[in-house]
Each structure stands twice: as C-alpha cells, then as structure tokens.
Amino acid sequence: MIDLKDQFALEAMAALLQRPSNSTPHYADIANSAWQCAEFMMSERQKRIDLAALNERRNNSDMRTLKLSTRLHYALLSEDLYTIADICAYTEKEILRIPNIGRTQLAHLKTALATVGESLAVPSEK
C-alpha cells in the first residue's frame, strides 16, 4: 500500500523528469530532489492541518470557557461576540469602543485569553 509521502515523491519525481534537459538525467539527484520535495509537502500539509484544528477549536470554544465577569460577558454579548474566535478578531482599540468595557475589563479579558493561549488581534498598518 502506498502512503501519502510516497505519492508526493512519485508526483515530484514525475514532474522533475518532465523538465527539459540537454543532458542525461542523474536519477539519484532526481530521486533525492523528489524525496526532499515530498518532505516539504508533508510538513506544509501538517502545518495546514494544525492551523485548521486551531481554528476549529477557536470557533467551537464558547466565550463562557474564559470565566469572565458578568459585566464583561454581557458587554461582549451585546456586540454579538459569542466565541473565542469572535473576540480574537477584535483589536484592543475595538474592544475599548464597546460600551461598559474600560481598561480594567480589557486587562481581565487579555488575561483570560492568555490562559487559553489566545490573544486579541494585532492592528493592521495602513
């Protein structure tokens, strides 16, 4: 049975062999390059799987897991922020614009997010 890494290597080798060349191909070099390409594809695949799992966890993590104060919880709900992913999409500045959230609540929110390995969005430069 062929595994995914072997399949990647076969596809890479086929592509490498189809490249135009004026000399006789060095099959050992082509095989080595195909395996390096397969290794790279496997590592990129794993990164995408890990990122998808993180996003899935974020999207399914209810804000209640953060154990926020009632005031902060309801202030976030008033902005339709229900999940950790929703909250993490906001910057500090955007959070401070929400009614009933000040610097103290922001500090509590950042601490709660940090306990689950998350943080607020970083403002984009324009």
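A: The largest pocket has a volume of about 180 Å³. Which elements give two or more residues to its lining? They are helix 1 (4–18) and helix 2. Helix 2 provides the largest share, three residues. By class, the lining holds four nonpolar, five polar and two charged residues.

Some terms first. The model is predicted: local features need pLDDT of at least 70, side-chain atom pairs count only at pLDDT 80 or more, and totals for chains, interfaces and linings use all residues. Residues are numbered from 1 along each chain as its sequence is written, and side-chain values use heavy atoms, with hydrogens and water left out. A pocket is an open set of points on a 1 Å grid over the protein atoms alone, where a 1.4 Å probe fits, with protein on both sides within 12 Å along at least five of seven lines; lining residues have an atom within 4 Å of a point. The volume is the space filled by probe spheres set on the points. Nonpolar covers Ala, Val, Leu, Ile, Met, Phe, Trp, Tyr, Cys and Pro; charged covers Asp, Glu, Lys and Arg; the others, Gly among them, are polar. Helices are DSSP runs (H or I, at least four residues), numbered from the N terminus.

Now the loops. K67 sits between helix 2 (27–60) and helix 3 (70–78). K67 has a positive phi of about 55 degrees, although it is not a glycine. Most residues other than glycine have a negative phi. K67 is exposed, at 72% relative accessible area. Here exposed means over 50%, buried under 20%, and partly exposed in between (1.4 Å probe, protein chains only).

N100 also has a positive phi, about 75 degrees, and is not a glycine. N100 lies in the loop between helix 5 (92–96) and helix 6 (103–115). Its relative accessibility is 51%, so N100 counts as exposed.

T91 is in the loop between helix 4 (84–88) and helix 5. T91 is buried, at 11% relative accessible area. Leaving out residues up to four places away in sequence, T91 touches L120, A121, V122 and P123. Contact means heavy atoms within 4.5 Å.

Last, the cysteines. C37 is partly exposed, at 32% relative accessibility. C88 is buried, at 7%. A disulfide is a pair of cysteine sulfur atoms within 2.5 Å. By that rule the count is zero disulfides.
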